[in-house]
Amino acid sequence: MGASPFRISSLLPVMLNADLHCHSNVSDGMLAPADVAARAKANGVELWALTDHDEVGGIADARKAASALNLRFVAGVEISITWAGKTVHIVGLGIDENNAALREGLESVRGGRERRGHEIADQLAQAGIPGAYEGALKFADNPEMLGRTHFARFLVEAGAQPTVSDVFANYLVEGKPGFVPHRWGTLEQAISWIRGAGGRAVIAHPGRYPLTDMQLDALITNFRDLGGEGIEVVTGSHTPDQYDSFARIARHAGLLASRGSDFHGPAESRVDIGTLPPLPASLTPVWHDW
Ligand code: AMP
Ligand code: MN
Ligand code: MN
Ligand code: MN
């Protein structure tokens, strides 16, 4: 049988190899935006979004590289918020990265990171690990985005833990040395910045938050009431069981479904760009009308 003149992805939108969540060295990823684009293309991604934490500084390079590779690109961002005292991440997709209110909002979210970094380092020093601020900063290509991933890479380099994922079991998280409670933006701000910039708001990796079922339900209701539209179902942060449970939740809540690896770097991320299973066919993908 000859090749079909139609790409299967154009017939079945959920089959499109979309990767709408990953990071470059503009936040806490390891590759430059153009190198992330090349990796996405090489892995067969058909629709790609760069979603750096609290920062859109990599979008121009990412778009240029994607265009040269003939890779469909949407501008994205992953915004840190505090909701019910917990840190939650909201992805914005299809944003105009030059929108002034979005840029000012992200700048205000980034603003607290330097001081938080010093507090993390003070705690690590008390735990017997000196020099963490300077040590972590060496791993942060964008010093404004100094974050826990950079501290984790420093702790591995210093021999305190064998891998970054071990660090997040023993340091930098609630109840362990180097955890500093932090107030990010609000859910309302994140959604209004994203929508104001013409984008679609998506709850990132909902299976990862330390929320009860009732709290998660309240988050989703709150998110929808504020104009949020989507939720990640297939992500590098979910188990296959969670693909099913969040597919049910997406359908029940009438939310669009998203898919993304949350790739940070070749040696570090369990899931490579564009390699996750497709979205369950019963869902409406966040890209259905793009
Ligand atoms: P921050 O925004 O500075 O609090 O850093 C959060 C980042 O830490 C996330 O975006 C992840 O890249 C990383 N992170 C958090 N938890 C883990 C984990 N369990 N394993 C690996 N990386 C993690
Ligand atoms: Mn990260
Ligand atoms: Mn995240
Ligand atoms: Mn992420």
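**Close-up views of a predicted model**

**View 1. Strand 5 and its parallel neighbour, strand 6.** In this predicted model, strand 5 and strand 6 (residues 230-235) run parallel and are joined by 2 bridges. Within this pairing, isoleucine 203 stands opposite isoleucine 231 of strand 6.

**View 2. Strand 5 and its antiparallel neighbour, strand 4.** Strand 4 (residues 86-93) pairs with strand 5 in the antiparallel sense, over 4 bridges, and arginine 200 in strand 5 is the bridge partner of leucine 93.

**View 3. The two faces of strand 5.** In a regular strand, side chains alternate between the two faces of the sheet. Both faces of strand 5 (residues 200-203) are covered, with Arg200 and Val202 buried on one side and Ala201 and Ile203 buried on the other.

**View 4. The site of the manganese ion (ligand 2).** The protein donors, which lie 2.2 to 2.8 Å from the manganese ion (ligand 2), are Asp28 (OD), Asp28 (OD), His53 (NE2) and His264 (NE2). Because the 6 donor atoms around this ion subtend angles of 51 to 154 degrees, the arrangement is irregular.

**View 5. The histidine donors in the chain.** The donor residues of the manganese ion (ligand 2) follow the sequence spacing D-x24-H-x210-H. Histidine 53 lies in the loop between strand 2 (47-50) and helix 3 (59-68), whereas histidine 264 lies in the segment after strand 7 (256-260), so the pair ties together parts that are 211 residues apart in sequence. Histidine 53 and histidine 264 are both buried.

Note on methods:
Residues numbered from 1 in each chain as written. Chains lettered and ligands numbered in written order. Predicted model: local features only at pLDDT ≥ 70, side-chain atom pairs only at ≥ 80, totals over all residues. Heavy atoms only, no water. Donors = N, O, S within 2.8 Å, 3.2 Å for Na, K, Ca; no water. Tetrahedral: all angles 85-135°; square planar, octahedral: opposite > 155°, others 65-115°. Buried < 20%, exposed > 50% of the residue type's maximum accessible area, 1.4 Å probe, protein only. Pairing = 2+ DSSP bridges.
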